[in-house]
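Good morning. Please keep the sequence and the structure in view.

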Amino acid sequence: MTNGFKIIGISTQTTNKDNQAQQDLGNLWEQFYSENLLNKIPNKISNEIIAIYTDYKSDFTEDYTTIIGIPVSTMDEIPNGLIGREFQAENFQKFIAKGEMPNAVVTTWVDIWQKDKELDRKYSYDFEVYGEKSQNGENSEVEIFIATK
């Protein structure tokens, strides 16, 4: 997916300050599942759920946008209430969060933030891929891609 992709889904603007993201992203995931968006999004190219972090004000300490959606072949039809975005090809460093979700993802992000400088992050967009292996209890795996310069 480092070739760039199109996505249709829902979004929110948030910040990691005062655990705001934890609440906002919890609500966004809840909305995604309660509105059954996996089945409502047209022209999807897979059933993988992608969580994208983008529109960074500066870095992970400031505001950013989160989008949860499904990769699609075209954005010709975007259902009411949803958004479509296209992301260009980038260089990424891949991390794999392993274990019980969402804790494993949170732990991996803390690790990424601690390595922020050495990763030479670009802050264009980063994303998580929730595929078949993401729902396996304590054996779950989620891929995290960090844009680098």
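A polar contact here is a pair of N or O atoms within 3.5 Å; within protein, one must be able to donate a hydrogen and the other to accept it, and residues adjacent in sequence count only if both atoms are side-chain atoms. The side chains of Asp-59 and Thr-61 make such a contact, at 2.4 Å.

Before going on, the sources. This is a predicted model, where local features need pLDDT of at least 70 and side-chain atom pairs count only at pLDDT 80 or more, while totals for chains, interfaces and linings use all residues. Residues are numbered from 1 along each chain as its sequence is written, and side-chain values use heavy atoms, with hydrogens and water left out.

Where is Asp-59 found? Asp-59 sits in the loop between β2 (49-54) and β3 (64-72). Helices (H or I, at least four residues) and strands (E, at least two) are DSSP runs, numbered from the N terminus.

Next, burial. Buried means under 20% relative accessible area, exposed means over 50%, and partly exposed is in between, with a 1.4 Å probe and protein chains only. A salt bridge is a side-chain nitrogen of Lys or Arg within 4 Å of a carboxyl oxygen of Asp or Glu.

Lys-117 does have a partner elsewhere: its side chain meets that of Asp-116 in a salt bridge, 3.8 Å from N to O. Lys-117 is exposed, at 73% relative accessible area, whereas Asp-116 is buried, at 8%. Asp-116 also forms a salt bridge with Arg-121, at 3.3 Å from N to O. Arg-121 is buried too, with a relative accessibility of 5%. Salt bridges link Asp-116, Lys-117, Arg-121 and Asp-126 in a network.

How many salt bridges are there by this rule? The count is 12. One of them joins Lys-17 and Glu-62, whose closest N and O atoms are 3.8 Å apart. Lys-17 lies in the loop between β1 (4-14) and α1 (20-34), and Glu-62 in the loop between β2 and β3, so this pair ties together parts that are 45 residues apart in sequence. Both ends are partly exposed: Lys-17 at 44% relative accessibility, Glu-62 at 24%.

One more residue. Asp-111 is in helix α3 (residues 103-114), and Asp-111 is partly exposed, at 31% relative accessible area. From Asp-111 to Ser-124 is 13 residues in sequence and 19 Å in space, C-alpha to C-alpha.

Now the whole chain. The protein has 4 helices and 7 strands, and along the sequence they run β-α-α-β-β-β-β-α-α-β-β. Its radius of gyration, taken over C-alpha atoms, is 15 Å. The globule rule, 2.2 Å times the number of residues to the power 0.38, gives a close 15 Å for 149 residues, so the protein is as compact as a globular protein of that length. The C-alpha trace spans about 40 × 30 × 30 Å along its principal axes. Of the 149 residues, 44% are buried.

That is the end of the talk.
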